[in-house]
Amino acid sequence: MTPQSVLKEYFGYDRFRDGQEALIAQILAGGDVLGIMPTGAGKSICYQVPAMLMTGITIVVSPLISLMQDQVAALRDAGIPAACLHSNLEQNAYFDTLDAVRNGEIRLLYAAPERLLTDAFLSLTDSVAVAMVAVDEAHCLSQWGQDFRPGYLEIASFLEQLPRRPVVAAFTATATQAVRDDIRRLLKLREPLELVTGFDRKNLRWIVERPTKKYEALLRILKRNKNKSGIVYCISRRVTEEICSKLCADGFRAVRYHAGLSAEERTANQEAFLRDEVQIITATNAFGMGIDKSNVSFVVHYNMPKSMEAYYQEAGRAGRDGMPAECTLLYSPQDIRTNMFLIENSEQENDRLTPAERAAVKQKDIERLQAMIRYCSLTDCLRHFILRYFGEQAPTHCGNCGSCLAETEIVDATVPAQKILSCVYRVAQRGRHCGSRMLCDILQGRDTKQLREAGYQTLSTYGLLGDLSRVHLEHMVSILISRGYLLTDANQYATLSLTAKANAVLRGQEQVQMALPLRDLKQTKREQQLANMPDYGVDEELFQKLRRVREKLAAREFVPAYIVFSDATLRDMCSKRPRNEEEMLAISGVGKYKMDKYGEAFLMALAEYEGEAGSPRGQFPPGAGGAD
Ligand code: ADP
Ligand code: ZN
């Protein structure tokens, strides 16, 4: 077999994605690899396909039991013999698995890093040939990353104890150079092929909102994502619970997830979400690693996360099936305060760090937060910012983010910009700093208690921009921040300071053009724009029918629905309407094994639907209507 035919036969896919082929070729040629690919890009295929072609077994090191179980279930469902060894296995199952490995019945064996150096495991790997060790979530090796896991450091000595050194393949979604260097060094990779694939996820729509009432903003998001599956990330356990209760009271099917809940409740809630029994899960960042649910259509961050790395990873859980999905961050300056508090009080899990190293880690945390704050104030293309942050070139206009979708007009804003900047200057002259809300209050000449107490009504800039709409003023301040004229200090009040760049504007040496939202743009119009996702033109009724078939099969097999087939696969069936086995095998995601297992049920449902509708099957271009 060739990599291509394994991909088709077992996974049902026609083509490799960006980077997969090169990594697989290197592995098959006996070389190490370091694959850096964003969440959802398809890292697993890179070791699962060669594992089927190599002599000997592949050991996959993975950080979480749920992740292992999920992958193993998916592989078995595709007809690939896989198993995992972890602490939750009953003794019998454990020994059965060891036997199966010894008898050569297993191609991929998943294990947690801590298991590798145990006697049982070492004696096992003495008696079978290990072709490859694949290290998933390899950034767990790095102390600079956010998920450092000491057990990962044992992988290197495990490799040294093997009779023959296998190919080592490491994968991560974290792209920073420090983390990459750590992985290479700590795993002792040998001249690895290091491959970074495009970080862009074109089907994800990036949006930042700065609402005064967050919960109402959340309801608007839920309205435009009616009946779709989504995650709402919250900054704390308290917020997670609060939002979950509110949503339930408002009639949504939501569950919660955080580390403070009992293991039973966490598992039950996660399962309910994975199986589409509930629509929404509210969660802290404890939720997600290894969650491979492909039909998550939206991820909302109810609070700003601590870094772009964390944000991209969490938000990236949307749209894994390639369907259009939305990632919205609801920002308020209060979030800076909470994050600073978390940084100040974060416990370094490992005491190996010296005080100097600790200080360095903290400084890095603050820098990461700064970048996150800039993202939240951005009025230019959000995708551009993200891709640049991860070291990629990108056009300045993507057409599919909150900024690019906004209807704006370009205005010369030099004069108001000068007034804004000089107001910051005047406040600083008094030895003080204020945040953007207070700044706008001053410029608009508002009369609030706080403002009076600070004595700001006597500033020469007080009321200077009273005739400007508040929305525009706030927007201008955001633009000045995102262009680097103003800096949001990473203190708990998110105060603003001037940068050196501001001087030229203040002295009138530089003009400032700004794209501002059209004055008459109503909230409803904006909602329509955001709700308007690209249409894949599938017959919704048929899609729902196929989903019900999938539901039944999943229950029969005791697996989550997305393991049977992804939404993307069902949609492909809706548009191609296969009538026989051969046509079914041409559907993306339908391999031979799954055809035998599930194909008939779907073919019957499709035939039944054609009969009911009495219409020819749709060979129409997307959006042309089809059988409806
Ligand atoms: P990652 O581990 O990088 O987050 P996964 O390995 O879970 O991503 O893959 C994400 C999704 O993409 C899965 O549903 C997987 O089956 C699918 N996928 C991977 N490779 C391909 C491919 N070549 N063609 C189509 N779908 C693919
Ligand atoms: Zn954009």
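A salt bridge is taken here as a side-chain nitrogen of Lys or Arg within 4 Å of a carboxyl oxygen of Asp or Glu. The model is predicted, and local features need pLDDT of at least 70, side-chain atom pairs count only at pLDDT 80 or more, and totals for chains, interfaces and linings use all residues. Residues are numbered from 1 along each chain as its sequence is written, and side-chain values use heavy atoms, with hydrogens and water left out.

The domain assignment, whose bounds come from an automatic or database source, divides the chain into domain 1 (3–196), domain 2 (204–399), domain 3 (408–520) and domain 4 (540–613). Between the C-alpha centres of domain 1 and domain 4 the distance is 30 Å. Their contact (heavy atoms within 4.5 Å) involves 14 residues from domain 1 and 15 residues from domain 4. About 1000 Å² is buried between domain 1 and domain 4, 46% of it on carbon and sulfur atoms; buried area is the accessible area (1.4 Å probe) that two parts lose on being put together, summed over both. Of the area that domain 1 buries against domain 4, 47% comes from Glu9, Asp70 and Asp77, more than from any other three residues. The interface of domain 1 and domain 4 holds 2 salt bridges. Asp77 also forms a salt bridge through its side chain with that of Lys597, at 2.6 Å, N to O.

Cys401 is buried, at 0% relative accessible area, whereas Cys398 is partly exposed, at 25%; buried means under 20%, exposed over 50% and partly exposed in between (1.4 Å probe, protein chains only).

Notes:
Chains are lettered from A and ligands numbered from 1 in the order in which they are written.
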